[in-house]
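Subject: Structure handover

Dear colleague,

I am passing on the structure we spoke about, and below it you will find what came out of going through it. Please read the text with the structure open beside you.

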Amino acid sequence: MSIDHEHQTHNTGGGLRRSRAVTVERASAVPRLATLGTLLRGWRERAMLTQEQLAERADLNVRTVRRLESSELQQPRATSIVLLAQALGLDGEERAMLAATARGLPGPGEGREPVTTGSPRAAISVPRQLPADVAAFVGRGRELTALERHEHPNTAAVTTIDGMAGVGKTALAVHAAHRLAPRFPDGQLFLNLHGHTGAVPVEPGDALARLLLALDVPDRRIPCDVEDRAALYRGVVADRRVLIVLDDASDADQVRPLLPAGPGCRLIVTGRRRLIGLDDTRALSLDVPPPAEAIALFTRMAGPERAGEATADVLTETVERCGRLPLALRIAAVRLQTRPAWSVRHLLDRLRDDRTAELAAGRHSVTAALDLSYRRLPGELRRAYRLLGVRAGAEFGLDEAAAVQDTTVARARRLLDQLLDVHLVQEPAPSRYRFHDLVRDHAAGVTVAAGDC
Ligand SMILES: Nc1ncnc2c1ncn2[C@@H]1O[C@H](COP(=O)(O)OP(=O)(O)OP(=O)(O)O)[C@@H](O)[C@H]1O
Ligand SMILES: [Mg+2]
C-alpha cells in the first residue's frame, strides 16, 4: 500500500482515529531509503495530520514542518527531530530511523549503505564538555578496565565511583571519559552537581535544564515540571550516543532523574557518598592507591628530577605520611615545586612535624576537603565521628565503638554504617573499623574545636 493510497483510504473514513490496518503497516509505511522529507510526510499522513496540526503538536513553526518535508530545510535541530517523533507517535525503530536519516546515516536495518538521496544532514551541535584530562594520570588500571568494559545491551550503562575526599574520583571519571569519548559521537556532557564543594548542591530540575540546553533544546521548550523535563531529556538522548559525567553527586535522589534510558548512552557518576538505591548500576569504590602507585603519582606530580634525588625509603615514608591520598600527594608535590631549595627529605621532616599544616596549599587543603564531608553530617554523626576519631584504637570493633560513645552496640553499628557510607570510616574486615590517618587527624582537629574531649 502506498502512502498516498493509505492517506486517501483513511481520510475517506472521516476520522483521526488510527485503524488497525495502519498499525499493522506501521513499519512498512515508509520507504527504507528515504529522505527526511519523505519520511516525515509519510508518517504525518499516516497520523492523518495536516502540516499545521503537526506543527502545533510538536510546538514548532508550521514553516519548519513545510521546509522539512520539502527538503528545503537541510539542517534541522536535533530537538526538532525529537519533538516531531513525539508528535507523530513514532515507535522505537521509527525514531531511530528518523534520527539516523536526519544525521545522514543509514537507519536501523538499512545495511551499511549511507542514505544518499539528498537526505539532509541535521545540524546537531555536538556538546564536548569534558574538562581537560589529568595531564599525568597514573595507575587505576583495574578501575579503567571496569569502566571501559561496562556495557549494557538494552539500557544505558551507569557506573558510580565513590570514595573519600581527594581519593581521585573526578580524575578517574574524566580520564575514563576521555578514553571512552570516541565511542560517543553525539557528545560528552559534564555536570558538577556540587555535592561537596561548599556551594548549594544542584537541584535535579536545574541539572536537567543544564543538560537539555547543552543538548540544543531551546530554553523556551524546557518544561517547568521536573518530571516533564526528565521525560524530554530521556527522549532527546534516546537515539543518541552520548556520554554523561555527573561529578560530585550528593546522593541517589539527586541523580535518579538524570538517568538516561537508551542503550546508546553511558553515565559515570562520582560522589563521596555510596549511591545506594540506584537500580542497575555498577559501583566502583575507590581506595587510596597501593604504595608503588602512590610513589609513581608523587614522582609524576613533583617532577622526576626532584623526586629522583630521594632514596626509596624517603619516598615511601613521604607518600605514607600523605596517607597515599592523591589530594595530599598533589599538595605535597606542589609544596616541593614551589620551594626549589627543599629536598624530599626536608619535606618529609616537615610532614613528620605537622602534616596537617603542611598539607594545605592556598585554597586546597586536606582539612578543607574533609570539612566539607564533616559539615554535611547530621549532629549525632558528627559527635560519633569526633568521639571515635579521638578515643577509639587504631582498629576497633563494635563493643569498643559503643563504649567510647557510651551507647548501645546496635546504635553504634547504625552510626558506623552511616560513616562508612560517606567514607569517613573504613571497614577492613566485617565489623572491624579504622580511620584513614588523615581522617583521624581531622577528627582530632574538629574535636578540639568542638571541645568534646
Ligand atoms: N590517578 C591519578 N593520576 C594523577 N593525578 C591524580 C590521580 N588521581 C587523583 N589525582 C589528582 O589528585 C587530586 C585529587 O583528585 P580528585 O579531585 O579527582 O579527587 P576526588 O576524589 O574527586 O575529590 P573530591 O571528593 O573532593 O571530589 C587532583 O589534583 C587530581 O588531579
Ligand atoms: Mg571530585
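Helices and strands are here taken as DSSP runs, at least four residues long for a helix and at least two for a strand, numbered from the N terminus. On that basis the secondary structure of the protein comes to 22 helices and 10 strands. Please keep in mind throughout that this is a predicted model. Of the 453 residues in the protein, 50% are buried, and among the contacts with a separation of 6 or more, 69% are made by residues 24 or more positions apart.

Let me begin with strand β1, which spans residues 157-162 and is mostly covered, six of its six residues being buried. Ala157, Thr159 and Ile161 point one way from β1, while Val158, Thr160 and Asp162 point the other way, and all are buried. Strand β1 runs parallel to strand β4 (residues 266-271), to which six bridges join it, with Ala157 standing opposite Arg266 in β4. It also pairs in the parallel sense with strand β5 (residues 281-285), this time over five bridges, and here Thr281 in β5 is the bridge partner of Val158.

Among the helices, α6 (residues 78-88) is likewise mostly covered, since 10 of its 11 residues are buried. The buried residues of α6 include Ile81, Val82, Leu83 and Leu84, but also Thr79 and Ser80. The residue that follows α6 is Gly89, whose phi is positive, near 65 degrees.

A helix pair comes next. Two packed helices are described by the angle between their axes and the distance between the axes. For helix α13 (residues 291-302) and helix α16 (residues 326-338), the angle is about 35 degrees and the axes are 8 Å apart, and the crossing of α13 and α16 is right-handed. On the α13 side the contact is made by Ala294, Leu297, Phe298, Met301 and Ala302, which meet Pro326, Leu329, Arg330, Ala332, Ala333, Leu336 and Gln337 in α16. By class, this contact of α13 with α16 has 10 nonpolar residues, one polar and one charged.

Strand β9 pairs with strand β10 (residues 432-434) over two bridges, and Gln426 stands opposite Arg434 in β10.

Lastly, the aromatic residues: the structure holds four aromatic pairs. One of them, formed by Tyr374 and Tyr385, is tilted, at 5.5 Å centre to centre and with 40 degrees between the planes. This pair links distant parts of the chain, with Tyr374 in helix α18 (residues 366-375) and Tyr385 in helix α19 (residues 379-391), 11 residues apart. Tyr374 counts as buried because its relative accessibility is 8%, where buried means under 20%, and Tyr385 is buried too, with a relative accessible area of 0%.

With best wishes

Note on methods
Residues are numbered from 1 along each chain as its sequence is written. Chains are lettered from A and ligands numbered from 1 in the order in which they are written. This is a predicted model: local features need pLDDT of at least 70, side-chain atom pairs count only at pLDDT 80 or more; totals for chains, interfaces and linings use all residues. Side-chain values use heavy atoms; hydrogens and water are left out. Axes are lines fitted to C-alpha atoms, for helices over the stretch in contact, and angles run from 0 to 180 degrees between N-to-C directions. A crossing is left-handed if the near helix is turned anticlockwise from the far one by less than a right angle, and right-handed if clockwise. Contact means heavy atoms within 4.5 Å. Ala, Val, Leu, Ile, Met, Phe, Trp, Tyr, Cys and Pro count as nonpolar, Asp, Glu, Lys and Arg as charged, and the others, Gly among them, as polar. Buried means under 20% relative accessible area, exposed over 50%, partly exposed in between (1.4 Å probe, protein chains only). Two strands pair if DSSP finds at least two bridges between them. Rings of Phe, Tyr and Trp (its six-membered ring) pair if their centres lie within 6.5 Å; planes under 30 degrees apart count as stacked, over 60 as edge-to-face and the rest as tilted.
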